[in-house]
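Have a look at the model first, then read the points alongside it.

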Amino acid sequence: MTLTDRRLTPVSTTRRDAIDACDDAIELFHGFYGNPIEALERAIALEPDAVLPRVARAGILLTTSEKAHESAAAAEIDAIGARGNERERGHVAACRAWLERDWRRAVRLWGDVLLDYPRDSLALQLAHIGDFYLGQSQMLRDRVARVLPYWRESTPGFNFVLGMHAFGLEECGDYARAEQAGRHALELNARDPWAVHAVAHVMEMQGRLPEGIQWLESRAADWAPDNGFSYHNWWHLALYHLDLGEHAKVLELYDARIRPSGSKVILEMIDATAMLWRLHLRGVDVGNRWGELADAWEPLAADAHYAFNDAHAMMAFVAAGREAAAHTVLAGLRASADHGVGTHAAMAREVGLPVGVALAAFGRGDWDVVIEMLRPVRLVAHRFGGSHAQRDILSLTLIEAALRGGRAKLARALAAERTQVKPSNPFNWRLTARAQSLLGEQTGAKHAQAWSRTLVTAAESRIGGSATLSA
Ligand SMILES: [Fe+2]
């Protein structure tokens, strides 16, 4: 008799306790709680021939984006051999494609599993993470939409599906429906950090800064304890404070929450780096934090595994003055762009290398090169993954280069882009003020600076007003 998991999807596992252990592990993975890998190992110990826990372990390890985990994942896939039912063999094929550096095909193969088994929430989440790395915003939304007709509120894990849909809707700019889906997910299960995160993104994209702070702080008891994703929600909280100009609070969150223990987990290092780089662009003294972070990136400098990671390694090396390591990253990106295979080669060519060159130029103060590289690449930067909020770091770097390089008209234009999208964000008005001031200096228009100060004051009083409203 074919057994099924909690979502009535067939498994080849024969022991009920092993199936339950695997289901428990997958639920931990959906919520990023505890240690899903250890939980899967318990399932494997109960039934060493079971395929699903092994292929789940491989998929989770691969989608960390860490080269260091590939050998363990490959060993699991080898251990499975030709075993498994149709669903499980679909997972194996996806993992093999990932190991062959073809992330696009891997994600498509997990998508194929979902055509036959739309309640395979493991395949859904692995594909969702893959869509994120590939910058496939539309599929972040629509891959989840495809399976929704097969789910009911009573299906175990439905809230996680809604949370994924919420994030996809947000990345596609459908903010109202994203917030609705995220809040619905949280009504079903308050302990859904991805749904919390989706709504946090909505508030970030709409410039609802005090409301975003309240959103994350009021729910922290649900999403933070024992959670492997909490560093990122803390990062979002710091992002709101950053744009309010509360730099001391940002550094407090950095030390206590974003980078409390010198983690070597790349996704955590990325957020730490991205926050320090934003502070770096603002001219904030971050003490010796760059040195510690650059030390953590050093062993990965030659990885050339995923351009998004490489770009963040570059930021750390440039800011810390590690020229040799920065050169190693650039050489890896160049080699991938010229001779690489698979998804990473295209990412390196189209996005990673120009971004790396721009960051190196930023370190030298060669503003014209930064501008020349970033103006075109920021328009296609989704191809190396990340969220809109994360990739905004490229636009922030570009406008800073324009300001420092005396390119007043460009800076003014870029500032106008930002204020039109998020008029309630005071940092955008500060950039506007700097651009306007520069333009005034260059054109002799003395009224420009005074006018800019008025704009900043007006924006900050609006923020104060919304803080009162949301309190
Ligand atoms: Fe995020």
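1. Leu8 sits in the loop between β1 (3–4) and β2 (10–11); strands here are DSSP runs of E with at least two residues, helices are runs of H or I with at least four, and both are numbered from the N terminus. The phi of Leu8 is positive, near 60 degrees, and Leu8 is not a glycine. Leu8 counts as exposed because 10 other C-beta atoms lie within 10 Å (buried takes 20 or more other C-beta atoms within 10 Å, exposed 12 or fewer, partly exposed lies in between, and C-beta atoms are placed from the backbone).

2. Before going further, please keep in mind that this is a predicted model: local features need pLDDT of at least 70 and side-chain atom pairs count only at pLDDT 80 or more, while totals for chains, interfaces and linings use all residues. Residues are numbered from 1 along each chain as its sequence is written.

3. How far can you trust it? The mean pLDDT (the predictor's confidence in each residue, from 0 to 100) is 94, and 95% of residues reach 70 or more. Over residues 464–471, however, the pLDDT is below 50, and this stretch has 7 contacts in the model beyond near neighbours in sequence. Two residues are in contact if their C-beta atoms, placed from the backbone, lie within 7 Å.

4. Asp226 also deserves a look, in the loop between α13 (220–223) and α14. Asp226 has a positive phi of about 55 degrees without being a glycine. Most residues other than glycine have a negative phi. Asp226 is exposed, since 11 other C-beta atoms lie within 10 Å.

5. Next comes helix α14 (residues 230–243), whose 14 residues should span 20 Å at 1.5 Å a residue; its end C-alpha atoms are 20 Å apart, so the two agree (the expected span is 1.5 Å times one less than the number of residues). Of these 14 residues, 12 are buried, so α14 is largely enclosed by the rest of the structure. Among the buried ones are Trp234, Trp235, Ala238 and Asp243. Just after α14, Gly245 has a positive phi of about 80 degrees.

6. Which residues have the most contacts inside the largest nonpolar core? They are Ala238 and Phe317, in a core of 158 residues. A nonpolar core here is a set of buried Ala, Val, Leu, Ile, Met, Phe, Trp, Tyr and Cys residues joined through C-beta atoms within 7 Å. Leaving aside neighbours within four places in sequence, Ala238 touches Val250, Leu253, Tyr254, Ile258 and Met275.

7. The domain assignment gives domain 1 (244–405) and domain 2 (414–470), with bounds taken from an automatic or database assignment. In all, 7 residues of domain 1 are in contact with 8 residues of domain 2.

8. With 12 C-beta neighbours inside 10 Å, Gly321 counts as exposed. Gly321 and Gly363 are 42 residues apart in sequence but 7.9 Å apart in space, C-alpha to C-alpha.
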